[in-house]
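Visitor: I have a model open and some questions. Can you walk me through it?
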Amino acid sequence: MSREYPPDVYGGAGVHVAQLARHLAELVEVEVRCFGSAPPDGGNPAVRRYPASAPAFEHHPRKVGAALAALHTCLHFNADPVDADVVHCHTWYSMFGGIVARIGYGVPLVVTIHSLEPLRPWKREQLGRGYDLSSWVERTAVELADAVIAVSASDRAEILGRFRVPEERLRVIPNGVDTGVHRPVAETDALTRHGIDPGRPYVLFLGRLSRQKGVGHFLAACRRLAPEVQAVLCAWPPDTPEIEAETEAAVAADRAAGREVIWIREQVPEAEAVQLYSHARVFCCPSVYEPFGIINLEAMACRTPVVASAVGGIVDAVDDGVTGLLVRFETAGDGAEPADPDGFARDLAGAMQRLLDDPGLAADMGRAGRRRVAERFDWSSVARRVREVYEAVAGGSGS
């Protein structure tokens, strides 16, 4: 069960679910129940999509309506009988569906934690009191689940510290990446189409337009780079109108000051993302919270060095000094912002400029990153480990 599944993917959780379902289907029978309106797909994995909104909540006077609509969709997940051996939920948006299936059908429940609501206080800006509802759903599902999968060691530690979960129910299984898709490519037509000069260096951010991803810190760091460096911001969709407006103002100010900022305001197709990764001198991930950060693996698989904040699962993905450079991040107390924003931007810029000034070092880190991804983050291995979790909660019989 998932909110996201192709073609409706907007973040790392959707990429995870799509790849996991495809590789699990080589081992077991898989059905995906997700938000969407397209007709069902047969085969393995089979896909059933359910409306992501309901008329009763479309014009709700409070932001809580979005959370209520998600619960409504989760009930529809269960209106079609659940006859699986295991139900596996991803993100709070689908977890109410797992709760109902666990209680109503007696099916063992597995949840994967892609992010934790208590560590995302900015979600209240998006959901209003729906943030309290999403936090309750997440806690209930995690503590009810027969197995909980964390995507990193830091994710595991946060779960143990915040929820009543016996350690024996908790496993660490990282995200993966398809190195056949994410690989260095020579084509540059996507760069030209988006106004990027392939003959000049650029630094890249690619991800959701979210406070979590630290987009403002990326822009602040880019102001400190050498003038000839292009800043490419591939950030969409926005979590809220407020962060979209803030980013518009920041980009406009940078351009007025003569800074070259290329903002790609769309979710680019995978093939275009691979081109953007492949030709970037540096990929920057300045997240203020990141349980894992699959975008770092994608960049590394394309042989691009990474500069990232040393938070959460990023430290598991990026080998500091080998596949990229990690920048120290100290929070202001709530985990939402750095204690010293100017200092954080300065350190990000310093790390990026170091790689821009030393192409040999950047190339070495890029090659090391590709090796690391191929050796440690293969989706087939991830799927086999998830299947072992299924077999354990289903009594060892598998499906």
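Guide: First a term: a polar contact is a pair of N or O atoms within 3.5 Å; within protein, one must be able to donate a hydrogen and the other to accept it, and residues adjacent in sequence count only if both atoms are side-chain atoms. The model is predicted, so local features need pLDDT of at least 70 and side-chain atom pairs 80 or more, while totals for chains, interfaces and linings use all residues. Residues are numbered from 1 along each chain as its sequence is written, and side-chain values use heavy atoms, with hydrogens and water left out.

Visitor: Which side chain does the side chain of Asp 239 make a polar contact with?
Guide: That of Ser 210, at 2.9 Å.

Visitor: And is Asp 239 buried or exposed?
Guide: Buried, with a relative accessible area of 18%; buried means under 20%, exposed over 50%, partly exposed in between (1.4 Å probe, protein chains only).

Visitor: What else is Asp 239 in contact with?
Guide: Beyond neighbours within four places in sequence, Gln 126, Arg 208 and Leu 209 are among its contacts (heavy atoms within 4.5 Å).

Visitor: Switching topic: how many residues are in the largest nonpolar core?
Guide: It has 108, and Val 111, Ile 159 and Leu 204 have the most contacts inside it. Such a core is a set of buried Ala, Val, Leu, Ile, Met, Phe, Trp, Tyr and Cys residues joined through side-chain atoms within 4.5 Å.

Visitor: What does Val 111 touch?
Guide: Leaving out residues up to four places away in sequence, its contacts include His 88, Met 95 and Ile 149.
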